[in-house]
Amino acid sequence: QVQLVESGGGLVQAGGSLRLSCAASGSISNINRMGWYRRDPGKQRELVAVITSGGTTNYADSVKGRFTISRGNAKNTVYLQMNSLKPEDTAVYYCNANMVAAPYGYPMDYWGKGTLVTISP
């Protein structure tokens with residue numbers, strides 16, 4: 001069974017840093033891209049950052065210059081280094097992966113359960 005497991009959330013003061021991690025496990029054939037989304041209560045889920053298998057990255061305008069997404073050496077992990085955090089970054093952060101995994105033979109989106117990031121003023 002395919003799983004995405006996030007870690008690294010927590011409570012920090014504004015201006016601080018956090019590093020989120022996500023590991024994909026299961027019968028995975030190929031990972032096309034991995035990324036992070038977030039959802040603040042009462043708001044829609046939004047893309048934070050994404051990285052493709054080729055290493056191309058894309059960021060939300062609100063996090064450019066502050067957040068960095070990267071892949072692990074094993075390619076089934078993704079990290080989000082978050083610096084200069086602001087209270088408006090407070091949200092539940094979800095890991096997402098578009099990948100081919102058993103029993104399906106085509107790419108699908110998979111989601112982690114989310115990790116809470118809280119930034120105090």
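**Reading strands, core and contacts**

Tutor: Strands here are DSSP runs of E with at least two residues, and helices are runs of H or I with at least four, both numbered from the N terminus. This is a predicted model, in which local features need pLDDT of at least 70 and side-chain atom pairs count only at pLDDT 80 or more, while totals for chains, interfaces and linings use all residues. Residues are numbered from 1 along each chain as its sequence is written, and side-chain values use heavy atoms, with hydrogens and water left out.

Student: How many bridges join E9 to E11, and how do the two strands run?

Tutor: In general, strands of a sheet pair through backbone hydrogen bonds, either parallel or antiparallel. Two strands count as paired if DSSP finds at least two bridges between them. Here, E9 and E11 are joined by three bridges and run antiparallel.

Student: Which residue in E10 is the bridge partner of Ala97?

Tutor: That partner is Tyr110. Four bridges join E9 to strand E10, residues 108-111, again in an antiparallel arrangement. E9 and E10 form a hairpin, with six residues between them.

Student: And how many bridges join E4 to E9?

Tutor: Ten bridges do, and these strands run antiparallel. Within E9, Asn96 is the residue opposite Gly35.

Student: In what order do the strands of the open sheet lie?

Tutor: The order is E1-E3-E8-E7, four strands with antiparallel pairing. Its edges are strand E1 (3-7) and strand E7 (67-71), each of which pairs on one side only. From one strand to the next, the twist averages 15°; for such angles, axes are lines fitted to C-alpha atoms (for helices over the stretch in contact), and the angles run from 0 to 180 degrees between N-to-C directions. E1 and strand E3 (residues 18-25) run antiparallel and share five bridges. In this pairing, Glu6 stands opposite Cys22 of E3.

Student: Are Cys22 and Cys95 buried or exposed?

Tutor: With a 1.4 Å probe and protein chains only, buried means under 20% relative accessible area, exposed means over 50%, and partly exposed lies in between. Both Cys22 and Cys95 are buried. E9 is mostly covered too: ten of its eleven residues are buried.

Student: Which residues touch the most other members of the largest nonpolar core?

Tutor: In soluble globular proteins, nonpolar side chains tend to be buried together. A nonpolar core is a set of buried Ala, Val, Leu, Ile, Met, Phe, Trp, Tyr and Cys residues joined through side-chain atoms within 4.5 Å. The largest one here has 31 residues, and Leu4, Met34, Trp36, Leu80, Met82 and Tyr93 touch the most other members. E9 gives the most to this core, with six residues.

Student: What does Leu80 touch?

Tutor: Contact means heavy atoms within 4.5 Å. Not counting residues up to four places away in sequence, the residues touched by Leu80 include Leu20, Trp36, Val48, Phe67, Ile69 and Tyr93.

Student: What polar contacts does the side chain of Arg38 make?

Tutor: A polar contact is a pair of N or O atoms within 3.5 Å; within protein, one must be able to donate a hydrogen and the other to accept it, and residues adjacent in sequence count only if both atoms are side-chain atoms. The Arg38 side chain makes such contacts with the side chains of Glu46 (2.6 Å), Tyr93 (2.9 Å) and Ser62 (3.4 Å). Arg38 lies in strand E4, and Glu46 lies in strand E5.

Student: Why is Arg38 classed as buried, and why is Glu46 classed as partly exposed?

Tutor: Arg38 is buried because its relative accessible area is 6%, whereas Glu46 is partly exposed because its value is 33%.
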